[in-house]
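Hi,

Here is the model I promised to pass on. Have a look at it, and then read my notes below.

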Amino acid sequence: MSRMVRTVIEMLALAVGLVGGYLYLGELGRGWLFWLLALGVVVVVIGWHGRRRLKRWARRLGR
């Protein structure tokens, strides 16, 4: 499976999960919890990509 196809599938799964979570937690009156969890997802994704970039930069500097 190509990297682009995998990325598209992951983004669609994330979107479906976020929309489902928003609707479910909205019905429970816990909209704030959805936004807190969504913010957590954003922080994890940014941290994951940042860590990969730092590793790449460290390898380039080590050469």
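What follows covers a helix pair and a pocket.

This is a predicted model, in which local features need pLDDT of at least 70 and side-chain atom pairs count only at pLDDT 80 or more, while totals for chains, interfaces and linings use all residues. Residues are numbered from 1 along each chain as its sequence is written, and side-chain values use heavy atoms, without hydrogens or water.

Helices here are DSSP runs (H or I, at least four residues), numbered from the N terminus. The axes of H1 (residues 3–27) and H2 (residues 31–62) come within 8 Å and cross at roughly 160°; axes are lines fitted to C-alpha atoms over the stretch in contact, with angles from 0 to 180 degrees between N-to-C directions. The two helices are therefore roughly antiparallel (over 145 degrees). Contact (heavy atoms within 4.5 Å) involves residues including Leu 14, Leu 18 and Tyr 22 of H1 and Phe 34, Trp 35 and Val 41 of H2.

As for the pocket, its lining (residues with an atom within 4 Å of a point on a 1 Å grid) includes Arg 3, Glu 10, Trp 48 and His 49. H1 and H2 each supply at least two residues of that lining, and H1 gives the most, with six.

Best wishes

How values were computed: Angles under 35 degrees count as roughly parallel, over 145 as roughly antiparallel, 65 to 115 as roughly perpendicular and the rest as oblique. On a 1 Å grid over the protein atoms alone, a cavity is a set of points where a 1.4 Å probe fits but cannot get out, and a pocket is an open set with protein on both sides within 12 Å along at least five of seven lines; lining residues have an atom within 4 Å of a point.
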